[in-house]
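Reader: Hey, I've got a structure open and could use a hand reading it. Can we go through it together?

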Amino acid sequence: MIIENISSNKVFNGWHKQYSHASNVLHCNMRFAIFLPPQATAVNKVPVVYWLSGLTCNDENFMQKAGALKIAAELGIAIVVPDTSPRGNDVPDNKEYDLGMGAGFYVNATQAPWNTHYQMYDYVLHELPKLIEAHFPVNDVRSISGHSMGGHGALVLALRNPEVYRSVSAFSPICDPLHCPWGTKAMRAYLGDNTDTWAKYNASELIKKTKSTLPIRIEQGESDPFLSDQLHPQTFIDAAKVNNHPIIFNLQPGFDHSYYFISSFIEDHLRFHALYLKS
């Protein structure tokens, strides 16, 4: 599990660092970013929030735009941001922005040509945390969050693995990928035409069946241009009621789908996670 440091920047008395490594799961070189708060030492390992970014993003968008590092330094929480897909000359791609590189949708693809590399679910759940915990002063106490496609990924990973994560939150998540253009395009390409196999990557189906009481918080901008046709948060809210699963859902007037929105509420989300990471 060799990693190569690409960049290091001191910030709020902690460190933001980028690394690359050869992924055995994705069969390509991958890049990730990590923020280590000043409290992180060999004798004081800190918990981690994993952040999953949205379509077209990589590890840099959140770290540079979200304004999360100051509050993470205060709270003593590490943040890890993987890329949104495998990348490389040998990795299949599509000319459209919502499929292929930058659009892994955090699933394990079963269909050619995607299935060799596009195993982002296993990468985020297994390989990346193992690597992080082996190389950095962090413990195995984890929460997960994300935006849009990454919000979909965070909800799916947490609902399927409530024993792994203390809490989950999302900004503008794709809540019902079986019934939106982004989701159906990706699911059909990566998983095939049998829609029954898509359900395990649909948060609105998973929350109906979960036996956990995993803390969930969702932030949604009321002026988000993708709200009505792509995101469908009401479907998730209604599904949670089927199972009486409590969620915090905030519809924020005037806010859109951008990092202006995320940066406005990221402190609230990190404090939400800190309640469970430190308990």
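Reader: Where does Asn13 lie?
Author: Asn13 sits in the loop between β1 and β2. Strands here are DSSP runs of E with at least two residues, helices are runs of H or I with at least four, and both are numbered from the N terminus. This is a predicted model, where local features need pLDDT of at least 70 and side-chain atom pairs count only at pLDDT 80 or more, while totals for chains, interfaces and linings use all residues. Residues are numbered from 1 along each chain as its sequence is written, and side-chain values use heavy atoms, with hydrogens and water left out.

Reader: Ok, and is Asn13 buried or exposed?
Author: Asn13 is exposed, with a relative accessible area of 56%. The cut-offs are under 20% for buried, over 50% for exposed and partly exposed in between (1.4 Å probe, protein chains only).

Reader: What's phi for Asn13?
Author: Phi is near 65° for Asn13, a positive value in a residue other than glycine. Most residues other than glycine have a negative phi. Phe12 is in the loop between β1 and β2 too, and has a positive phi of about 50°. Phe12 is partly exposed, at 45% relative accessible area.

Reader: New topic: which peptide bond is cis?
Author: The one from Ala112 to Pro113, with omega near 5°. Pro113 is in the loop between β5 and α3.

Reader: And how many strands form the sheet?
Author: Nine, in an open sheet with mixed pairing, ordered β1-β2-β3-β5-β4-β6-β7-β8-β9. Two strands pair if DSSP finds at least two bridges between them. β1 (3–11) and β9 (248–252) are at the edges with a single partner strand each, so one side of each has no neighbour in the sheet.
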